[in-house]
Amino acid sequence: MLWEYGIDAGSENLRLVKRGTPQIVRESSYTAIREGRGTPFAWGDRALMMLGRAPKGVSIIKSVNRGCVDRANLFAKWARIILDEDEAIIKKSTILVGVSESMRKEAVEEMQKRMLDEGISGVAVVHSSIACALGAGEKVMDPEAVCVLDVGAEQIQTAVISGGRIVKSDCLSFGCARADQTLMEAARVYLGCSIGPRTARELITELGKESLSDNAAVEKNVFDYKTGLPKKKKIPALLVKRCIQEVVDEAAEMCEKLVMFLPEEIAGDVSVRGFVITGGGARLMDFKKAVESATGLPARIAQSPEDCHAKGLQRILNSQKTYARLITNEMEESRRS
């Protein structure tokens, strides 16, 4: 089967790529649903803008959590909408979906069946760690092993890859979003104010870089507990960085455990090639320094790390004979069980 599209099923953002084009279409993974109806009325970035602002009776939910599609009906509808309104085009569409290795087989099949219900003619799966490494420029089909650390919003995963297969992997059941929650609590305790989830994510992105001075600060709209009124308040970078540090430390410890007791030849490869760091959280704090310190191995942050997963899918789509082994769990409408 000739695969036409790829979808990076991220917990925060869903990215769509098409065979033969360099374009990456990004939309938030959020959906707005009216309680009691179950029918979505807002998708993507429009739904994201409602986060923390939704009126009573409206829920803002995601179709993907921890790298796994757990609301298959919403994910399938999103794919149907973002591809095209033209039924003739949809009927010819075949899609590769990049998901975490931790996604259960039953959940994968449910996702595929729901997408076929939406008129898509074929769906298959690519493991996200392999796609990320490929998008970062690594030669994943070579026998020489490479390690990847993918820093996502709700899951951080790491893997040793050799010959197009995952030799060893591990993951944390949380990601950078844990720092958002920690920051919201820290603002309450240390600054006497309340910030929403979107504001917390903005602060993590703006102030969470290692290169930024600890004395830096950003002014944000908050709710002040003392006055009971909304106001502007400066949030210091040092507070933000402390909220991220726990996530960085646990990710580095996971990488250290990953490379312990590897077979001799693979250990030799890893000692030279080290880690490549991908994902939307790769630039927060200094994951590179933390991984190098914990493992004693070289590490590098990929170029445009947030797009590595999507770029890896693009490479597979554009060279399908070369990367055929990376495509698994194929399901076609004509062969659907």
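Predicted model: local features only at pLDDT ≥ 70, side-chain atom pairs only at ≥ 80, totals over all residues.
**Note on a pocket and some salt bridges**

1. α7 (197–207) and β15 (217–224) each supply at least two residues of the lining of the second largest pocket.

2. How much space lies in the second largest pocket? About 200 Å³. Its lining includes Leu51, Gly52 and Arg53, as well as Pro197, Arg198 and Thr199. Also among the lining residues are Glu219, Lys220, Asn221 and Lys232. By type, the lining divides into 6 charged, 4 polar and 2 nonpolar residues.

3. Now to charge pairs. Side chains of opposite charge can pair when their charged atoms come close. The count for this model is 21 salt bridges. Three of them are described in the next points.

4. Glu154 and Lys62 form a salt bridge, with their closest N and O atoms 2.3 Å apart. Where do the two residues of this pair sit in the chain? Glu154 is in the loop between β11 (146–151) and β12 (156–162), while Lys62 belongs to strand β6 (residues 58–62). They are 92 residues apart, so the pair links distant parts of the chain. Both Glu154 and Lys62 are buried.

5. Lys288 pairs with Glu292, and here the closest N and O atoms are 3.1 Å apart. Both residues lie in helix α10 (residues 287–295). They are 4 residues apart, about one turn of the helix. Buried or partly exposed, which is Lys288? Lys288 is partly exposed, because its relative accessible area is 30%, and buried means under 20%. Glu292 is also partly exposed, at 27%.

6. Salt bridges with shared partners join Asp8, Arg15 and Asp307 into one network. Within it, the side chains of Arg15 and Asp8 meet at 3.8 Å, N to O. Arg15 counts as buried because its relative accessibility is 10%. Asp8 is buried too, with a relative accessible area of 5%.

7. One more charged residue deserves a look. Glu332 lies in strand β19 (residues 328–332). With a relative accessibility of 17%, Glu332 counts as buried. Which residues does Glu332 touch, not counting those up to four places away in sequence? They are Met1, Leu116, Ser121 and Gly122.

Terms used: Residues numbered from 1 in each chain as written. Heavy atoms only, no water. Salt bridge = Lys/Arg side-chain N within 4 Å of Asp/Glu carboxyl O. Buried < 20%, exposed > 50% of the residue type's maximum accessible area, 1.4 Å probe, protein only. Contact = heavy atoms within 4.5 Å. 1 Å grid on protein atoms, 1.4 Å probe; cavity = no way out; pocket = protein on both sides within 12 Å on 5 of 7 lines; lining within 4 Å. Points joined across faces, edges and corners; volume = space filled by probe spheres on them. Nonpolar A, V, L, I, M, F, W, Y, C, P; charged D, E, K, R; others polar.
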